[in-house]
Amino acid sequence: MAATRASLFLAGPSVKSTAGNPGRNRCVSLSRRMALPTEQKSSAETVMTSLIENGRLLEEEEEKKKKKKKGRKEESELISNVYSNPEEIIEDNGKTLKDYFEECKDLMIRSDGGPPRWFSPLECGSHTHDCPLLLFLPGIDGTGLGLITHHHKLGKIFDIWCLHIPVKDKTSFTDLVKLVERTVRSEYKRSPDRPIYLVGESLGACIALDVAARNPDVDLVLILSNPATSFSRSQLQSLIPLLELMPDQLLPNLPYMLNLVSGDPLRMDWENVVKGLLPLQTVGELTQDLVALSSYLSVLADMLPRETLLWKLQMLKAASASANSHLHAVKVQALLLCSGKDRLFPSQDEAQRLRRMLPKCEIRMFEESGHFLFFEDNVDLVTSIKGASFYRHGKYLDYVSDYMPPTPYEFKKFYESNRWVLDVTSPVMLSTSEDGKVVRGLAGIPSEGPILYVGYHMLLGFELAPMVIQFLTERNILLRGIAHPMAFYRLREGKMLDLASFDTYRLMGAVPVSGPNFYKLLSSKSHALLYPGGVREALHRKGEEYKLFWPEQSEFVRMASKFGAKIIPFGVVGEDDVCELVFDYNDQMRIPSLRTFIKELTEEVVQLRTDANGEVSNQDFHLPGVLPKLPGRFYYYFGKPIETEGRKQELRNREKSNELYLHVKSEVERCIAYLKEKREKDPYRNLLPRLLYQVTHGFTAEVPTFEL
């Protein structure tokens, strides 16, 4: 450890930190090195994003973590299921935009104006030893604190290093690229089997693209927020001659020349600093929001004085030209985070252009956000990475071992987005105990896996959200759905729903159907959800509700027996009580234009069961036309678990395996028949009786159903 224990950044031949794995010291060569005087008092007490280099502070921090962990353990003994009360879940907030300005102010006061350097946020030291490295490359502010509101979440799954470029530093874009490249190659040599994430904002995104182009042999993952590759089409370009001609006496008023736009002023202030140099408003037109910003205007002015702003704009111009000239060489994964209300760059159009040029690129759009995306309240970088299936520990994504369950707050958002389904359908769930008794709720579901749930797929998968929610809230069981590959990747872009539409499915544990994924789920003792009828069942025709479209041959029995998994057959009914199918596949295929559309849509995705016989082989994608009804009720019945433990040898026999397969199918049909019969005796099957019951008993009261 360097001797400058009171300095904000370490000096010497390398930069080291104990924030992560002690056995993995950070070593980043710099062209120039400088540390703050040792006499200066450490800012770690006030700037929590400074490097951990003081042994005493580290011990204090570890002690705090132990106390927090102990407190969490005691709390978990009282509340074992963190998902049980989604309405009471509170977001685990980290630092705020106010903290960003305060720490920027402190950083500028204590900075020596030395060369660019890496630092690791103090609150990011709780990650595991095998987590991937994330390098944050800042935008024009250069502070490296642009992810400050995400540090506490990112730090749990990444080893984070942030690049700090001092205000008065004049390192060229090319030298910044080389600095990052040296770090990337050094860390790649240290851990060649782990990916390195480059998270870049505007200018930083250009750096990331150039580094990726120059290092095709390194496993990089790019997360790019509103890249500055569109600088030539931005109004910012016109600021360069304006700043060159602006008299010095006008500079003190620069922070007050803000062209405020609608929205949270603290969220937009960075954008306004630059935009304020464009067509100005009079003082009388400024809103009262300016008062809220006044305490930070001096910070903004200090961070972007004219000389620095001019240098950064010229650097943006060079960065954009360089990145665009190298796009053809970028072959790595890239996730573009794009703002719908970016006033600095035409980010939406640029995202579409980049997607056409980058072979492994996906877009996530944030329609209501401004340019500085990472400061937005509605943007969660960790959730975006997880939802896009961009988080992995090795060279290839493993949908089972790389998966991280939803945080309580992520589950709360999923619950809230599907709350209306629960309210209008008031689901009834029944399960079967080991002695064969049918009970209301999921008490009959075994806790320990592996368990394979095999059942009927409602029209358009209506049953999924209530079932996933109930399993988590009541039993703390996460169902890992085995889903069609169309929710994960495409053969080509076209008319199919954008992949972003399926982020929630991936976030809640869905995996693409395949033999290896099925194997991994059961070997990890997961609760796997399988629909043998698949697309054909979920897109059934008129008059086919509650009809199973299963393959003739067994697909899951032998795999289940290999791991001694319990098979739980289940049935669901209620789709005919919420809608009527009026325009199905057969109707659409009679119309030439729709027939062509269905064919093109289907050709965009991987085809399954191409060698199967019968209707199950018809995997054509289309959108059925339905008419809503006054909502009825959803009913779920989970049958008695079927044991496969100890039957591995027996079920290797094809006849025995097929016999069990047909038995499971018949049990699913029995569950459906049971529910169809029983719901006729439910006095609360229709919406109005349920509403009346809730009015008299409270809207949180569980609505009764038929007698068991």
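Modeller: One definition before we start: two strands count as paired if DSSP finds at least two bridges between them. And keep in mind that this is a predicted model.

Colleague: Fine. What makes S10 and strand S13 a pair, then?

Modeller: DSSP has to find at least two bridges, and S10 and S13 (residues 527–530) are joined by 4. They therefore qualify as paired, and they run parallel.

Colleague: How many bridges join strand S10 to S14?

Modeller: There are 5, and S10 (residues 451–455) and S14 run parallel too. Ile451 has Lys566 as its bridge partner in S14, while Gly455 stands opposite Phe570.

Colleague: In which sense do S14 and strand S17 pair?

Modeller: Antiparallel, over 4 bridges, with S17 covering residues 635–638. Look at Gly571: its partner in S17 is Tyr637.

Colleague: Why do you call strand S14 largely enclosed?

Modeller: Buried means under 20% relative accessible area. In S14 (residues 566–573), 7 of the 8 residues are buried, so the rest of the structure largely encloses the strand.

Colleague: And how do you know that both faces of S10 are covered?

Modeller: Side chains in a regular strand alternate between the two faces of the sheet. In S10, Ile451, Tyr453 and Gly455 sit on one side, Leu452 and Val454 on the other, and all are buried.

Colleague: On to rings. What makes Phe158 and Tyr197 an aromatic pair, and of which kind?

Modeller: Ring centres must lie within 6.5 Å, and planes over 60 degrees apart count as edge-to-face. Phe158 and Tyr197 are 4.8 Å apart centre to centre with 65° between the planes, which makes the pair edge-to-face. Phe158 lies in the loop between helix H3 (151–154) and S3, and Tyr197 in strand S4, so the pair ties together parts that are 39 residues apart in sequence.

Colleague: Phe158: buried or exposed?

Modeller: Buried, with a relative accessible area of 0%. Tyr197 comes out at 0% as well, so it is buried too.

Colleague: Why is the pair of Trp550 and Tyr661 put in its class?

Modeller: Their centres are 5.8 Å apart and their planes lie at 45°, so the pair is tilted. Trp550 is in the loop between helix H17 (534–538) and H18, and Tyr661 in helix H21 (residues 654–678), 111 residues apart. Both are buried.

Colleague: How many aromatic pairs does a search of the whole structure find?

Modeller: It finds 23. Ring pairs also link Tyr453, Phe471, Tyr531, Phe570 and Phe638 into a cluster.

Colleague: How do you know that the charged end of Arg480 sits over the ring of Tyr403?

Modeller: CZ of Arg has to be within 6 Å of the ring centre and within 35 degrees of the ring normal. Arg480 is 4.0 Å from the centre of the Tyr403 ring, and its charged end sits over that ring. Arg536 does likewise over Phe549, with 4.0 Å to the centre.

Colleague: Last one: why is Ser561 given its label, buried or exposed?

Modeller: The cut-off for buried is under 20%, and Ser561 has 5%, so it is buried. Ser561 lies in helix H18 (residues 557–562). Apart from neighbours within four places in sequence, Ser561 is in contact with Thr644, Arg647, Lys648 and Leu651.

Key
Residues numbered from 1 in each chain as written. Predicted model: local features only at pLDDT ≥ 70, side-chain atom pairs only at ≥ 80, totals over all residues. Heavy atoms only, no water. Buried < 20%, exposed > 50% of the residue type's maximum accessible area, 1.4 Å probe, protein only. Helix = DSSP H or I, 4+ residues; strand = E, 2+ residues; numbered from the N terminus. Contact = heavy atoms within 4.5 Å. Phe/Tyr/Trp six-rings, centres within 6.5 Å; stacked < 30°, edge-to-face > 60°.
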